[in-house]
Amino acid sequence: MYRNKKASNWLQQLVFIGPAFAAFLIIIVAPFVMGMYYSFTNWNGVSNNITFAGFDNFVKLFSDEQFLASFGFTVRFTIVAVIVTNLIGFLLALMLTQALKSRNLLRTVFFLPNVIGGLLLGFIWQFIFVRGFSAVGGMTNIGFFNLPWLGDEITSFWALVIVSAWQGAGYLMVIYIASLVNVPKELNEAAEIDGATAWQRLRNITIPLVMPAVTICLFLTISNSFKMFDLNLSLTKGGPFNSTQSVALNIYLEAFQNNRYGLGTAKAFIFFVVVALVSSVQVYLTKKQEVEA
Amino acid sequence: MDTRYTSRTLGLEILAIIVGLVFLVPFYFLLSNSVKPFAEILLNSAALPKALTWANYTKAWDVMNFPVAFKNSLLITVFSIIGLVIISSMAAHRMIRRPTKFNTFLFTAFVAAMVIPFQSIMIPLVKVAKTFNLTSSIPGLVICYLGFGVSLTVFLYHGFIKSIPLEIEEAAVVDGCTPYGVFWKIVFPLLKPMTVTIMVLNALWIWNDFLLPSLILGADPDLRTIPLSTYSFFGQYTKQWDLALAALVMGILPIVIFFLAMQKHIIEGITAGSVKG
């Protein structure tokens with residue numbers, strides 16, 4: 001009887017946990033561990049003749065100017081995109097928690113860009129930057145529309161920021177709205193009676209109380225901006241002159257175009273460490289700002 | 001929230017609608033130019049079309065091989081989601097009801113793995129996928145999605161199952177239900193709200209994904225998903241904007257319709273996912 005029970009417990013463990021565990025092991029854990037190993041080799045992706053290279057790849061990537069430039073671009077892009085997207089998302093949320101008649105319709109409108117994948121969005125915006133903006137510029141003579149949007153390093157950078165903010169703001173808006181509706185009304189009313197201005201109420205009541213949402217939104221935007229790939233590939237392809245090549249695109253090209261898998265995995269490993277580190281530091285710092293209502 | 005509709009609210013309403021229209025401008029460019037002949041697009045991309053030309057759509061439909069791409073995307077998305085729902089809900093349930101050292105550790109590992117960027121493991125993943133014969137096959141890609149989706153899905157179910165009282169399950173056991181019966185007949189139906197959330201969140205992600213299908217499925221035109229077929233379309237027809245815009249409209253239409261039908265669940269899903277995250 002006891003033996004039987006033990007066997008049935010094992011069977012249950014296998015049936016309930018087994019498939020999830022197996023998928024996780026094969027698709028995530030095995031490649032992750034192999035990646036760590038390959039980053040110390042000169043594997044070219046095809047050959048079975050893999051030689052151990054020690055720290056060669058890691059030394060090499062610190063003198064790889066394109067990799068360093070990609071990292072610099074990704075960091076700059078992430079900082080700007082995170083600030084812009086969060087500001088827009090938060091302002092939209094503030095606006096759409098007022099008693100507007102068009103509130104529900106507008107929430108749908110602002111969220112809409114989010115359901116379309118980055119790859120298709122990049123192609124759509126490529127058309128808008130290249131043809132749409134110049135047509136508007138020709139009609140109105142506004143300098144903004146006549147800029148060489150995808151033809152120059154600075155404007156291409158901002159083109160990517162514009163599209164990712166347009167896409168991401170609605171998602172953050174949903175999270176900020178969920179948080180804003182939970183701010184107790186009494187606090188704001190009491191402060192208003194005490195003579196606090198709208199700005200003071202926002203600064204001292206609303207923002208501290210929505211900090212948990214800020215933590216989440218920053219986490220999401222930082223990791224998404226850092227990992228940008230689809231949009232980058234279809235909108236600028238890293239150009240002009242590789243000035244907008246994200247780290248993710250750089251790793252992809254290194255492995256699948258240059259066939260330097262060893263070097264690619266070393267870059268990927270550094271990338272993982274940076275993403276994990278930056279995300280944990282951010283969550284730690286913003287969590288400290290959270291207060292109880 | 002203010003209940004009175006003051007002139008201040010009206011001003012804000014007008015401002016909000018203007019911002020909303022600005023957000024929609026890209027869709028105007030996309031839709032209006034997709035029904036123009038090429039020459040008219042070049043002449044003025046901002047103007048309304050003089051007449052509606054559907055030829056772009058029929059041509060793009062053929063070049064994209066739209067029915068095949070649509071079918072592939074649908075099969076991959078549906079089977080990945082069914083698989084994810086089954087294996088993740090079972091695993092999450094077991095992890096909560098049998099919190100052995102191994103199961104607790106496994107849950108921590110699942111959660112920790114969420115910080116791994118896809119690009120960090122994609123290179124060895126291709127080799128692993130080849131070893132297991134998962135490349136150039138739709139079932140193979142579905143297995144990959146199970147691996148990548150299981151972390152977040154287990155995490156979401158885990159938070160939800162914690163709130164289900166154990167007494168319900170114990171009562172079922174007393175009535176003679178097997179452990180499998182308890183899960184499928186009692187627990188799983190109770191998970192429905194979370195299951196709907198998980199389905200829509202995973203549907204958006206899997207339907208739109210580009211990099212994983214391109215690495216796993218390769219260049220075979222018969223295996224292309226919608227993002228893959230759009231991408232190869234742009235390789236072939238660079239700057240053929242009349243066809244490209246029609247292809248883009250067809251590419252985004254299924255997911256936009258899905259969103260409009262399911263938007264309540266999508267919004268709930270994001271809120272649930274983010275509050276627990």
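Me: Buried means under 20% relative accessible area, exposed over 50%, and partly exposed in between (1.4 Å probe, protein chains only). Which class does Cys144(B) fall in?
Reply: The model is predicted: local features need pLDDT of at least 70, side-chain atom pairs count only at pLDDT 80 or more, and totals for chains, interfaces and linings use all residues. Residues are numbered from 1 along each chain as written, chains are lettered from A and ligands numbered from 1 in written order, and side-chain values use heavy atoms, without hydrogens and water. Cys144(B) has 0% relative accessibility, so it counts as buried.

Me: Which class does Cys177(B) fall in?
Reply: Its relative accessibility is 21%. Cys177(B) therefore counts as partly exposed.

Me: How many disulfides does a search of the whole structure find?
Reply: A disulfide is a pair of cysteine sulfur atoms within 2.5 Å. Over all chains, the number found is zero.

Me: Which residues have the most contacts inside the largest nonpolar core?
Reply: A nonpolar core is a set of buried Ala, Val, Leu, Ile, Met, Phe, Trp, Tyr and Cys residues joined through side-chain atoms within 4.5 Å. The largest one has 182 residues, and those with the most contacts inside it are Val115(A) and Leu212(B).

Me: Which helix of chain B gives the most to this core?
Reply: Helices are DSSP runs (H or I, at least four residues), numbered from the N terminus. With 15 residues in the core, the one that gives the most is helix 13 (residues 241–276).

Me: Which residues does Val115(A) touch?
Reply: Contact means heavy atoms within 4.5 Å. Leaving out residues up to four places away in sequence, Val115(A) touches Leu204(B), Asn208(B), Ile255(B), Val256(B) and Phe259(B).

Me: Why is helix 10 of chain B largely enclosed by the rest of the structure?
Reply: Helix 10 covers residues 192–208 and reaches 24 Å from its first C-alpha to its last. It is largely enclosed because, of its 17 residues, the number buried is 13.

Me: How far apart are the C-alpha centres of domain 1 and domain 2 of chain B?
Reply: The bounds, 7–54 for domain 1 and 65–232 for domain 2, come from an automatic or database domain assignment. The distance between the two centres is 38 Å.

Methods:
Helices (H or I, at least four residues) and strands (E, at least two) are DSSP runs, numbered from the N terminus. The expected span of a helix is 1.5 Å times one less than its number of residues.
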